[in-house]
Amino acid sequence: MTERRRPNLLFIMTDDHAAHAISAYGSRVNRTPNLDRISDGGMRMDAAFCTNAICTPSRAAILTGTYNHVNGVTTLDTPLDNSLWTFPQSLQGAGYVTGIIGKWHLGHGPGHEPAGFDEWRVLPGQGHYHNPVMLEAEGRIVERGGYVTDLITDDCVDFIDRHVDVPFALFCHHKAPHRTWEPAARHFTMYDDVEIPEPDTFLDDLDGRSEVIRAMRMHMMDLDPVTDLNAVVPDGLTEDEEVAWRYQRYMRRYLGVVAAVDESVGRLLDHLAERDLLEDTIVVYTSDQGFFLGDHGWFDKRLMYEESLRMPLLIQYPQVIAAGSASDAMVTNVDFAPTLLELMGAPAPDHVQGRSFVPILEGEEPADWPTSMYYRYWMHHDGAHNCPAHYGVRTRTHKLICYYNDPLDQVGAHGPADPVEWELYDLVADPLEVANVIDDPTYADVRADLAAELARLQEAVGDTPHAMAVDPGWSAPD
Ligand SMILES: [Ca+2]
């Protein structure tokens, strides 16, 4: 076997791009031919999950290889302490030229701005879709004319051109397709004449689900017609008709924004090919978490349900990964850092909690590979979505969720704690998660097993169970 050349890294991450809006994942709502090129040229990972389905915490987990209770980035209001170790720092130390362009969303100022990057140009906070301002080191502000996805791509092409002869690690972090879903002019009307199919659970009445889930404000009727949908609600619609109309508006905007992302990926792949870098570059496509595309009647993310929990993860690296492969091995965003470091020949420090999935990329799932993952969302009753704080465990067949419903000491939390509620889903019998079987006696043993697994995972990762949720009084299985 010939020795591998030292690979570059092109890490493309979007914001809120659900796997079920990528044709490689079988999307029913759009085609993404350029994203599919990464899948065709490498591996599609079918069980990649985030450990906290919201922007800032997921980004921190990716960069630090640790869970949010360890890195301290539990909510949107807890910026990253940039003195913490991140894997780009190790790449930099190993001789890579490192750069990040686009969305950062981990805080600004000397203690929070990007560290471990030789070059950075990032959006302030969420940034703007059109004519954005961007920030650089030493407080430099760059005013940009144009569409944000195109500008970030332009800068990435430029970065690649300037580093053709040295190993580089480039983080292309798109703002798209985050709310408020503003397409480029060329995509503004592309779905106007298309009827987007509604998902199977669009009319889910949330029967049997937790009270805090039923009280969330993530329904089509919670979208703002002007800022989210860029339209005035037509007169004379019944509520059902208005919900259907809102879904079409929402999805046309979301998918129009995704179209520019797909073009960006095509441009970057073409550019790597033109520069003869495709063989020597690890290309990753992912998103910080998934998104509800009308599933259960919702938009947004935050929850542990599949559409939100699942991250798209496509990885191409011809020297290691078989073209056109797929894996259902369970990996999480905490595993990204050690994996990329191993592929790139830099050691991961001992404190990293994730596990390298290089063996899986090579086509061999180790016998002791994890079959469960731990999740925790901290922002109880965030102002806009009224989403509850919760944690849980997902195995290959089931999911147990505890809505412990306490803001703890989170910044900006408001509202009293609600009673603890639990949900249990059988992902084999009920993959759409519409039947909460937490009180179904036929699942008593499964429930006890999952509660034990949740406790085991919390202990393993060093998180603390909520005081009101540690002993639900469930009997252990015989
Ligand atoms: Ca996000």
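Helix 11 gives the largest share of the lining of the second largest pocket, five residues. Helices here are DSSP runs of H or I with at least four residues, strands are runs of E with at least two, and both are numbered from the N terminus. Before I go on, this is a predicted model, where local features need pLDDT of at least 70, side-chain atom pairs count only at pLDDT 80 or more, and totals for chains, interfaces and linings use all residues. Residues are numbered from 1 along each chain as its sequence is written, and side-chain values use heavy atoms, with hydrogens and water left out.

Back to that pocket. About 350 Å³ of space lies in it, and 19 residues line it, with Tyr67, Gln353, Pro370, Ser372 and Leu457 nearest its centre. Strand 12 (331–332), strand 13 (372–377) and helix 11 (444–461) each give two or more residues to this lining. A pocket, on a 1 Å grid over the protein atoms alone, is an open set of points where a 1.4 Å probe fits, with protein on both sides within 12 Å along at least five of seven lines; lining residues have an atom within 4 Å of a point. The volume is the space filled by probe spheres set on the points, which are joined across faces, edges and corners.

Now the largest pocket, with about 620 Å³ of space. Of its 26 lining residues, His20, Asp295, Glu307, Arg310 and Leu432 are the closest to the centre. Helix 7 (239–274) and helix 8 (306–309) are the elements that give two or more residues to that lining.

On to the metal. Which residues coordinate the calcium ion? They are Asp15, Asp16, Cys55, Asp288 and Gln289, at 2.1 to 3.0 Å. Donors are N, O and S atoms within 2.8 Å of the metal, or 3.2 Å for Na, K and Ca, and water is not among the atoms, so sites may look incomplete. Are Asp288 and Gln289 buried or exposed? Asp288 counts as buried because its relative accessibility is 0%, and Gln289 is buried at 0% as well. Buried means under 20% relative accessible area, exposed over 50%, and partly exposed in between, using a 1.4 Å probe and protein chains only.

Next, the inside. The largest nonpolar core has 131 residues, and Leu9, Phe87, Tyr250, Leu313 and Phe357 touch the most other members. Helix 7 gives the most to this core, with 15 residues. Such a core is a set of buried Ala, Val, Leu, Ile, Met, Phe, Trp, Tyr and Cys residues joined through side-chain atoms within 4.5 Å. Take Phe357: leaving out residues up to four places away in sequence, its contacts (heavy atoms within 4.5 Å) include Met45, Leu313, Val331 and Trp369.

Most residues other than glycine have a negative phi, and most peptide bonds are trans. Here, the bond from Ala176 to Pro177 is cis, with omega near -10 degrees, and Pro177 lies in the loop between strand 8 (168–173) and helix 6 (211–214). The bond from Arg179 to Thr180 is also cis, with omega near 20 degrees. Asp300 is not a glycine, yet has a positive phi of about 80 degrees; Asp300 is buried, at 3% relative accessible area. Glu433 has a positive phi of about 55 degrees and sits in the loop between strand 16 (421–426) and helix 11.
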